[in-house]
Amino acid sequence: MLILPLIAPLLGMSPADLEEEVGTIPRHRAQAFQHAYPRAFFDLHLRDRGRLLDGPSPDFPEVDYAR
């Protein structure tokens, strides 16, 4: 869980400031890909398997690939 949304009022951040800083992705979606992508990295490099890092995934449309 991000602490920033909890302390934003104490820092004088407006809702727009907070949205700019942390985005608008629902927490459960953010946690899902924050768990999936590191796991995919280690699966690929330690077990030589997995396709999640090959490119955009329909399972995680929020994730954008940039070179």
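**Figure 1. Tyr 37 and Phe 60 are two buried aromatic residues.** In this predicted model, Tyr 37 is buried, and Phe 60 is buried as well. A pair of aromatic rings is described by the distance of the centres and the angle of the planes. For Tyr 37 and Phe 60 the ring centres are 5.6 Å apart and the planes stand at 65 degrees, so the pair is edge-to-face. An angle over 60 degrees is what places a pair in that class. Tyr 37 belongs to helix 3 (residues 27-47), while Phe 60 belongs to the segment after helix 3, so the pair ties together parts that are 23 residues apart in sequence. Ring pairs also bring in Phe 33, which forms a cluster with Tyr 37 and Phe 60.

**Figure 2. Phe 41 and Phe 42 form a ring pair.** How many aromatic pairs are counted in the model? The count is three, and one of these pairs is described here. The ring centres of Phe 41 and Phe 42 lie 5.2 Å apart with their planes at 85 degrees, so this pair is edge-to-face. Are Phe 41 and Phe 42 buried, partly exposed or exposed? Phe 41 has a relative accessibility of 39% and therefore counts as partly exposed. Phe 42, at 46%, also counts as partly exposed.

**Figure 3. Phe 41, Phe 42 and Leu 46 make up a nonpolar surface patch.** Phe 41 is found in helix 3. Together with Phe 42 and Leu 46, Phe 41 forms a nonpolar patch on the surface. The accessible area of Phe 41, Phe 42 and Leu 46 together is about 340 Å².

Figure 4. Side chains of opposite charge can pair when their charged atoms come close. The count of salt bridges in the model comes to three. In the one shown here, Glu 62 pairs with Arg 29, and their closest N and O atoms are 2.7 Å apart.

Figure 5. The closest N and O atoms of Arg 47 and Asp 43 are 2.8 Å apart. Both residues lie in helix 3, four residues apart, which is about one turn of the helix. Arg 47 counts as exposed because its relative accessibility is 52%. Asp 43, at 18%, counts as buried, since buried means under 20%.

**Figure 6. Asp 54 and Arg 51 meet in a salt bridge.** The N to O distance between these side chains is 3.1 Å. Are Asp 54 and Arg 51 buried or exposed? Asp 54 is exposed, and so is Arg 51.

**Figure 7. Asp 48 has a positive phi.** Most residues other than glycine have a negative phi. The phi of Asp 48 is about 55 degrees, although Asp 48 is not a glycine. Asp 48 is found in the segment after helix 3. The relative accessible area of Asp 48 is 68%, so this residue is exposed.

**Figure 8. Four acidic residues gather in a patch of negative charge.** Which residues make up the patch of negative charge on the surface? They are Asp 17, Glu 19, Glu 20 and Glu 21. Asp 17 is found in helix 2 (residues 15-22), and Glu 21 lies in helix 2 as well. Asp 17 counts as partly exposed because its relative accessibility is 37%. Glu 21 has a relative accessible area of 56% and is therefore exposed. Glu 21 and Asp 43 are 22 residues apart along the chain, and their C-alpha atoms are separated by 31 Å.

Note on methods:
Residues are numbered from 1 along each chain as its sequence is written. This is a predicted model: local features need pLDDT of at least 70, side-chain atom pairs count only at pLDDT 80 or more; totals for chains, interfaces and linings use all residues. Side-chain values use heavy atoms; hydrogens and water are left out. Patches are made of residues with over 30% relative accessible area and no salt bridge: like charges are joined within 9 Å, nonpolar side chains (Val, Leu, Ile, Met, Phe, Trp, Tyr) within 5 Å. Accessible areas come from the Shrake-Rupley method with a 1.4 Å probe; for residues, only the protein chains shown count as cover. Lys and Arg count as positive and Asp and Glu as negative; His and the chain ends are not counted. The place of a charge is taken as NZ of Lys, CZ of Arg, CG of Asp or CD of Glu. Helices (H or I, at least four residues) and strands (E, at least two) are DSSP runs, numbered from the N terminus. Buried means under 20% relative accessible area, exposed over 50%, partly exposed in between (1.4 Å probe, protein chains only). Rings of Phe, Tyr and Trp (its six-membered ring) pair if their centres lie within 6.5 Å; planes under 30 degrees apart count as stacked, over 60 as edge-to-face and the rest as tilted.
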